[in-house]
Amino acid sequence: MAETQAAAEAQPAGGKQKKGFFYGWWIVIGGFMIMATCYTAFVNCISLFQAQIVGDLGMTIGEYNTGTSLASLISIVGTLIIGVLLDKINARAIAVGITALATAMLFGYSAVSAPWQVYVLAACSGTIITAGARLFVSVIITNWFNLKRGFAVSVALCGSAFGGAILSPIIGNIIQTAGWRFAFVVLAIICLVGSLPIALIFFRSHPSDKGLQPYGAELSKEEIEAIENKGKKKKAQADPEVTVAVGWKVMKKSAAFWLLAIGFMLVGMINAMIVVNTISNMTSVVMNGETIVTGGHDIAWASTVFSVELVLVVFCKVLLGTMYDRLGLIPSSIIGAFTCFAANFFAIFNTTDWGPILSAVFFAFGTCVCTVGPSIMMTKEFGRLDIGKTTGIMVAVQSVGGILGAIVSGQAFDACLTFTPAWIVGMVVSVVMGVCMVASVKLARKLVAKQIAAGAPRVDDEGQIIESSVAAEA
């Protein structure tokens with residue numbers, strides 16, 4: 001009976017329940033399109049333009065990477081701003097604003113004539129798109145779904161990988177045949193046409209704006225869990241659940257926590273070095289009027305390789321999550337470090353066909369450590385108490401690592417006129433990252449055992465301290 005109710009459209013207050021297509025799926029489709037167009041343009045496609053912008057504006061790779069990376073610091077502030085706006089401005093206005101501003105900024109990129117203009121646009125896009133769009137999509141969809149919430153959010157966020165896989169080869173070919181400025185114009189039009197109509201027509205902040213309730217609102221928490229777990233075999237967890245309270249007060253004094261933070265900072269560093277420079281590594285760069293052949297491939301070929309990598313990322317995210325559950329944190333961390341090492345190693349052989357392809361295949365898995373790793377490793381090492389705050393710290397240190405990676409790789413290229421030194425640094429960093437993560441897991445286990453021995457209270461599935469356990473110890 002519960003499944004029949006959940007499949008129906010949520011019941012309006014005081015109204016008759018209607019069966020059929022739930023309106024919230026339009027919100028999911030809209031979120032998918034924003035991620036596939038606006039977000040993709042500034043995150044997955046921007047590396048296609050690095051060499052062209054550097055050559056035409058008389059910059060160096062180091063200047064470009066340093067300027068855009070420092071500008072992206074503002075995205076941290078952007079996350080806070082968007083979070084506040086979500087409570088005060090309706091979703092349609094925000095969705096239209098994101099789409100319109102993304103379009104305007106892409107047109108702006110097509111007309112840049114000086115480095116400072118690139119830096120200003122990087123700061124704006126980091127605030128509004130890179131930080132804002134993903135947060136906006138996640139929060140709005142959460143408002144619309146009680147049942148299948150995780151599925152709905154995942155579908156929408158997968159738009160970035162889908163959009164990148166489709167748009168990267170298209171934009172790469174346009175850059176090669178019609179120039180990078182026209183390619184930015186095409187991206188602007190794609191954002192406008194792909195996202196604006198659905199934002200204007202369908203976006204609403206809450207189901208009550210349409211006289212509805214969230215999907216599955218008529219079900220209890222227990223019924224929702226029963227539906228979502230139906231037919232699923234209980235997976236054996238390689239790492240035992242942490243059911244004792246650890247929390248921030250304990251973590252901040254623990255070497256296990258800070259070793260994990262260093263590990264994720266280094267993952268962010270590796271991620272930025274490869275993402276920012278991968279296209280230029282496969283093609284060529286013009287600096288001070290001189291063409292520096294790096295990989296020697298044309299941009300159309302390079303963008304196709306990049307597109308294949310983005311397709312693989314979708315599957316690798318699921319694979320890594322499964323590995324964390326089935327194999328455990330230590331084997332998964334070692335494999336993650338190895339794939340990052342291999343991605344950097346094969347990037348050195350950029351003049352071959354197989355080098356960039358193998359680098360892309362390994363990095364498709366390695367980059368998932370950035371997105372999938374923080375919340376899973378934090379939960380499995382330290383439990384759910386204060387998980388939001390502590391995972392946020394891990395994401396923040398990743399951003400710091402990303403800035404360092406982009407700057408270091410850019411300055412290394414300027415000094416040596418090749419990306420090889422950056423890839424060697426990446427290999428070393430991968431080894432250190434793996435060591436830090438493995439050491440963190442081992443120390444965290446000792447920390448949890450110490451908390452249990454000290455009689456720390458237990459926590460429930462939501463990370464709340466179980467009052468009865470506190471009372472029993474009082």
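**View 1. Pro-374 sits in helix H17, which spans residues 368-382.** Helices here are DSSP runs of H or I with at least four residues, strands are runs of E with at least two, and both are numbered from the N terminus. This is a predicted model, in which local features need pLDDT of at least 70 and side-chain atom pairs count only at pLDDT 80 or more, while totals for chains, interfaces and linings use all residues. Residues are numbered from 1 along each chain as its sequence is written, and side-chain values use heavy atoms, with hydrogens and water left out. Is Pro-374 buried or exposed? Pro-374 is buried, because its relative accessible area is 3% (buried means under 20%, exposed over 50%, and partly exposed in between, with a 1.4 Å probe and protein chains only). Apart from residues up to four places away in sequence, Pro-374 touches Phe-264, Val-369, Thr-391, Met-394 and Gln-398 (contact means heavy atoms within 4.5 Å). Look for Leu-260 too: 114 residues separate Leu-260 from Pro-374 in sequence, and their C-alpha atoms are 9.1 Å apart in space.

**View 2. Ser-110 belongs to helix H6, residues 91-110.** Ser-110 counts as buried because its relative accessible area is 13%. Which residues does Ser-110 contact, once neighbours within four places in sequence are left aside? They are Arg-181, Phe-184 and Val-185. Val-185 lies 75 residues from Ser-110 in sequence, with 6.3 Å between the two C-alpha atoms.

**View 3. Asn-281 is part of helix H13.** With a relative accessibility of 5%, Asn-281 is buried. Not counting residues up to four places away in sequence, Asn-281 touches Thr-294, Gly-295, Ala-347, Asn-350, Phe-419 and Trp-423.

**View 4. Phe-107, Ile-189, Leu-192 and Val-193 form a nonpolar surface patch of about 350 Å².** Patches are made of residues with over 30% relative accessible area and no salt bridge; like charges are joined within 9 Å, and nonpolar side chains (Val, Leu, Ile, Met, Phe, Trp, Tyr) within 5 Å. A salt bridge is a side-chain nitrogen of Lys or Arg within 4 Å of a carboxyl oxygen of Asp or Glu. Helix H10 (residues 180-202) gives the largest share of the nonpolar patch, three residues. Val-193 is found in helix H10, and counts as exposed because its relative accessibility is 57%.

**View 5. Lys-249, Lys-252, Lys-253 and Lys-389 gather in a positively charged surface patch.** Lys and Arg count as positive and Asp and Glu as negative, leaving out His and the chain ends. Where is Lys-253? Find Lys-253 in the loop between helix H12 (247-251) and helix H13 (255-282). Lys-253 is exposed, because its relative accessible area is 72%.

**View 6. Leu-417 has a positive phi of about 60 degrees, although it is not a glycine.** The loop between helix H18 (387-416) and helix H19 (420-453) holds Leu-417. Leu-417 counts as partly exposed because its relative accessibility is 39%.

**View 7. The protein as a whole has 20 helices and two strands.** Of its 474 residues, 52% are buried. Among contacts between residues at least 6 apart in sequence, 81% join residues at least 24 apart.

Definitions and conventions: Areas by Shrake-Rupley, 256 points an atom, 1.4 Å probe, with all protein chains shown as cover. Charge placed at Lys NZ, Arg CZ, Asp CG, Glu CD.
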